[in-house]
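Try each task before you read its solution.

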Amino acid sequence: DYYRRYRDINASTDDFRQVMEENSGRELSWFFEQWLKRAGSPVIEGGWHYNPATKRIEIELTQMQPGDPYRLPLEVGIRIDNTAAIKIEKIEITQRQQRFEITLDKEPSSVALDPNTLVLMEARFINR
């Protein structure tokens, strides 16, 4: 749709955003503000712990970069018994510090933040 509308003519970033919003049905100004008009990138520190009593993975994340927190939809990759299969759960961090819980019947062998490297960020994420 964008190519059809703006082929062989000039278009602005706002023109591009408008077409993306129309086609996705989502408001995307937050995305363009934080990724195109802001210097730097997110720095995330955190860790995870499995609580066998509640059968939940407890995740704590902190955004360490200066300025306002980013809005980051993230994937969490969960591996059980060191198998090749990874279960993907989705979370969204929007605050400076946030806690998440993911229900899981068995203790995972590993938990990875953004396992497919989809988000431009510096991350330190460990098992606590």
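**Exercise 1.** Work out whether E92 is buried, exposed or partly exposed, then find its salt-bridge partner.

*Solution.* Start with accessibility: E92 has a relative accessible area of 32%, so it is partly exposed (buried is under 20%, exposed over 50%, partly exposed in between, with a 1.4 Å probe and protein chains only). Before going on, note that this is a predicted model, where local features need pLDDT of at least 70 and side-chain atom pairs count only at pLDDT 80 or more, while totals for chains, interfaces and linings use all residues. Residues are numbered from 1 along each chain as its sequence is written, and side-chain values use heavy atoms, with hydrogens and water left out.

Next, the partner: E92 makes a salt bridge with R71, with 3.5 Å between the closest N and O atoms (a side-chain nitrogen of Lys or Arg within 4 Å of a carboxyl oxygen of Asp or Glu). E92 sits in strand β4 (residues 86-93) and R71 in the loop between β2 and β3 (72-79), so the bridge ties together parts 21 residues apart in sequence. Strands here are DSSP runs (E, at least two residues), numbered from the N terminus. R71 is partly exposed too, at 33%.

**Exercise 2.** Which residues are linked with R99 in a network of salt bridges?

*Solution.* Take the pairs one at a time. R99 bridges to E58, with the closest N and O atoms 3.5 Å apart. That pair links distant parts of the chain, 41 residues apart: R99 is in strand β5 (residues 97-103) and E58 in strand β2 (residues 56-63). R99 counts as partly exposed at 44%, whereas E58 counts as buried at 17%.

R99 also meets E101, at 2.7 Å from N to O, and E101 is partly exposed at 39%. Now put it together: the network consists of R56, E58, E60, R99 and E101. Across the model, the count comes to 16 salt bridges.

How values were computed
Helix = DSSP H or I, 4+ residues; strand = E, 2+ residues; numbered from the N terminus.
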